[in-house]
Amino acid sequence: MAASSDHTNFARELWRRVESIHAVTYFAHESTETAAQLGVRGFWRTYFGYRAAPLGACSAATVTAAFFGFSSAMVSRSVPSIWELASPAELIEARHTAAATALRRIAGEEIDALTRNGWAIEVLAEAVRAAIGGSRALFLANRDLAPPDDPVAALWQLATTVREHRGDGHVAAWTAQGFAAVDVAVLFVATGGTSREALQPNRGWTDDEWDDATERLTHQQLLAAGTPTRAGRDVVAQVESITDALATSPFTALDDKERHRLLDALTPAAQTITVSAAIPAVNPMGLPLVAG
């Protein structure tokens, strides 16, 4: 049964908030500093190590498939050699420490208010338990982690698990349409999701790969002179709609009042993160930040 528009709108608004909480660790200095204590140095080694760790000591091919947006060459520069520097278990513990420290620094009062009575954590935990796992590899791997004792780390982990549930559904929606990852990147930029400067180098696509994808999309009449056609915009809109619908399952048990309460509870922390500029306004995720 199709999700209602209220549910899909909620799913998108929730994503903006949990992604803001989750994505702090991509950019916070605590992440690279904590990873460096394990011998893992550099932004991208830290990123791939932290995000892939719940999957275990996996191959570059596994990460390329699960993350979807990155070139295999870029992934291979960090995986699987990352596991020789630190184990997945060590990286999971490190990312919890880094996330909690960064969130307390950036939005301490708001995060404290959010975690104080435990309501938001319990609702997110119940949503994770209720979610349809299916073939969602990153969601399932994160869901099965032991919850951290630190409530801020626990909040971050739940936000991460919810966003990976959505992300896995997003990948499924694009692959069902028959698109390669680089094609999606080119369409995303063309339709205003983010800038080429923010996305291409941060996903490892060469100029030749980018140009080849542009040519394919032009041949498919989804682009014309680098500008999306009506058909191109329709494809992106359809995938986003499917992604929203697939992201609703964890929260269908919430009534309208509870959904609004959850959004209201998460909003102050997301707004403070936005104001702090902890996440760049133009970012590779195409995240519309939560303004005050």
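Analyst: **Phe48 and its surroundings**

The largest nonpolar core has 67 residues, and those that touch the most other members are Leu14, Phe48, Phe67, Phe251, Leu262 and Ile273. The greatest contribution to this core comes from helix α7 (residues 88-116), with 12 residues. A nonpolar core is a set of buried Ala, Val, Leu, Ile, Met, Phe, Trp, Tyr and Cys residues joined through side-chain atoms within 4.5 Å. Buried means under 20% relative accessible area, exposed means over 50%, and partly exposed lies in between (1.4 Å probe, protein chains only).

The model is predicted: local features need pLDDT of at least 70 and side-chain atom pairs pLDDT 80 or more, while totals for chains, interfaces and linings use all residues. Residues are numbered from 1 along each chain as its sequence is written, and side-chain values use heavy atoms, leaving out hydrogens and water.

Leaving aside residues up to four places away in sequence, Phe48 touches Ala53, Val63, Phe67, Phe70, Met74, Val75, Ser78 and Val79; contact here means heavy atoms within 4.5 Å. A second, separate core of 22 residues includes Phe68, Phe179, Val182 and Val236.

The aromatic rings come next. The whole structure contains 14 aromatic pairs. One of them joins Trp44 and Phe48, a tilted pair with 5.9 Å from centre to centre and 35° between the planes. Rings of Phe, Tyr and Trp (its six-membered ring) pair if their centres lie within 6.5 Å; planes under 30 degrees apart are stacked, over 60 edge-to-face, and the rest tilted.

Why are Trp44 and Phe48 separated by about one helical turn? They are 4 residues apart in helix α3 (residues 43-52), a helix being a DSSP run (H or I) of at least four residues, numbered from the N terminus. An α-helix has 3.6 residues a turn, so residues three or four places apart point the same way.

Trp44 is partly exposed, at 24% relative accessible area, whereas Phe48 is buried, at 0%. Phe48 also pairs with Tyr47: their ring centres are 5.2 Å apart and their planes stand at 75°, so this pair is edge-to-face. Tyr47 is buried too, with 9% relative accessibility.

Over the ring of Phe67 sits the charged end of Arg51, 4.1 Å from the ring centre. This arrangement requires NZ of Lys or CZ of Arg within 6 Å of the ring centre and within 35 degrees of the ring normal.

Definitions and conventions:
Helices (H or I, at least four residues) and strands (E, at least two) are DSSP runs, numbered from the N terminus.
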